[in-house]
Amino acid sequence: MRSFRGGPDTWFYSTPLNQAGPVILPRGVLIEVRAGRRLEIVADPLKKVPGSANGEFFVDRTCIACETCAQLAPEIFEEAGEFFQVRRQPVTREEIRCATRALLACPVGAIGTLHRNHAKAVMHDFPLRIDGCVYYCGFNSRKSFGANSYFVAHPNGNWLVDSPRFTPHLVHRFEAMGGIRYIFLTHQDDVADAAKFASHFRAARIIHHADSPAQRDAEVVLDSAAPAVIEPGFRIIPTPGHTRGHCVMLYEERFLFTGDHLWWEPDANRLGASRSACWYSWPAQTASMRRLLDETFEWLLPGHGDRCHLPPAVMLNELASLVDRMCA
Ligand code: SF4
């Protein structure tokens, strides 16, 4: 039995559901089911980030500046000091769809619309195909500061790379796609709801020993500095630096899942890594980056920061330039 009460900006919701996740109210407002039975609306137009373009979509001041919205709809959302904001309102159907995907992916529900939206339909875009059998999950988690996570469909068993929110929609979609066999965790910061996915799908979580306190009961703990092949085509490469146990995963010499080791910087039009967000060792991260010069890949899929797709030779040149900058 579901019931609603409250004014236009305050909703209380009772539900028999015992799973956390997004729920869409009759007006099309997205709310997040939290631990208990009482829910509250998340995005509040009265707390709108000042400077946002007026109109249907807004960002409120619960934004944690994770950049997810700008990755999904760069024409619509932009950084504005400590928050992100609406740069301009979406106009075309495709722009509205991208902005609605951002609303669903936002880890804290800081994006809202003034009227009924199409979130319920757009939710079915997730997981969102990137290329071939590789997908972006959406539903970024606050627990990983909004890190991106990915799903790889494979005949020998599907992979989750880092963890989105454990939402009923994603669980059902992953079930329909054949479940999850492995959950590769790039590092300790981005485990989010990995334990819930592992329990539900009886999946094996894979993490490096040095970061394993974040997932003490992980099924596979890597303890070598050498790359490990878990399944043909899936090679996990230790890349200490951001954290001591950080690893990346190379899939089919095409897709490199990089966690917080490496990403694309669209404004500078180059690859990037952050010394200020390096929690373990910058010299170690630089050495890890240099070792990646031996690898071939065309897709770079990070936890934080932008994805990019470049011809392998161009990617290698960009990586060499980054190593030079890191050594300077
Ligand atoms: S996705 Fe949400 S929390 Fe992240 S920057 Fe955008 S509005 Fe802020």
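Select Ala65 first: with 16 C-beta neighbours inside 10 Å, this residue counts as partly exposed. The model on display is a predicted one. Ala65 belongs to the loop between strand S6 (57–59) and helix H1 (68–72). Its phi is near 60 degrees, a positive value in a residue other than glycine. Most residues other than glycine have a negative phi.

Next, display the ligand and its surroundings. Which residues are the closest to the ligand? They are Cys63, Cys66, Thr68, Cys69 and Cys106, out of 16 residues that surround the ligand. Sorted by class, this shell contains 13 nonpolar, 2 polar and 1 charged residues.

Move on to Pro127, which is found in the loop between helix H3 (119–122) and strand S10. The peptide bond that leads from Phe126 to Pro127 is cis, and its omega is near 0 degrees. Most peptide bonds are trans.

Phe151 is placed opposite Leu160 in S13.

Follow the chain out of S13 to Asp162, in the loop between S13 and H4. Is Asp162 buried or exposed? Asp162 has 28 other C-beta atoms within 10 Å, and therefore it is buried. Although Asp162 is not a glycine, its phi is positive, about 60 degrees.

Show the side chains of Ala194, Phe197, Ala198 and Phe201, the buried residues of H5. These residues are on the same side of H5, because they cover an arc of only 100 degrees around the axis. The buried residues of H5 pack against S13, helix H4 (168–176), S14 and S15.

The last stop is strand S20 (residues 255–259). Here 5 of the 5 residues are buried, so S20 is largely enclosed by the rest of the structure. In a regular strand, side chains alternate between the two faces of the sheet. In S20, Phe255, Phe257 and Gly259 point one way, whereas Leu256 and Thr258 point the other way.

Strand S19 (residues 247–251) runs antiparallel to S20, and 3 bridges join the two. Tyr251 stands opposite Phe255 in S20. S19 and S20 form a hairpin with 3 residues between them, and in the turn Glu252 has a positive phi of about 55 degrees. How many bridges join S20 to strand S23 (residues 299–302)? There are 4 bridges, and these two strands run parallel. To finish, select Gly259, which stands opposite Pro302 in S23.

Terms used. Residues are numbered from 1 along each chain as its sequence is written. This is a predicted model: local features need pLDDT of at least 70, side-chain atom pairs count only at pLDDT 80 or more; totals for chains, interfaces and linings use all residues. Two strands pair if DSSP finds at least two bridges between them. A residue is near a molecule or strand if its C-beta atom, placed from the backbone, lies within 6 Å of it. Ala, Val, Leu, Ile, Met, Phe, Trp, Tyr, Cys and Pro count as nonpolar, Asp, Glu, Lys and Arg as charged, and the others, Gly among them, as polar. A residue is buried if 20 or more other C-beta atoms lie within 10 Å of its own, exposed if 12 or fewer, and partly exposed in between; C-beta atoms are placed from the backbone. The arc is that of the directions from the helix axis to the C-beta atoms. Two residues are in contact if their C-beta atoms, placed from the backbone, lie within 7 Å.
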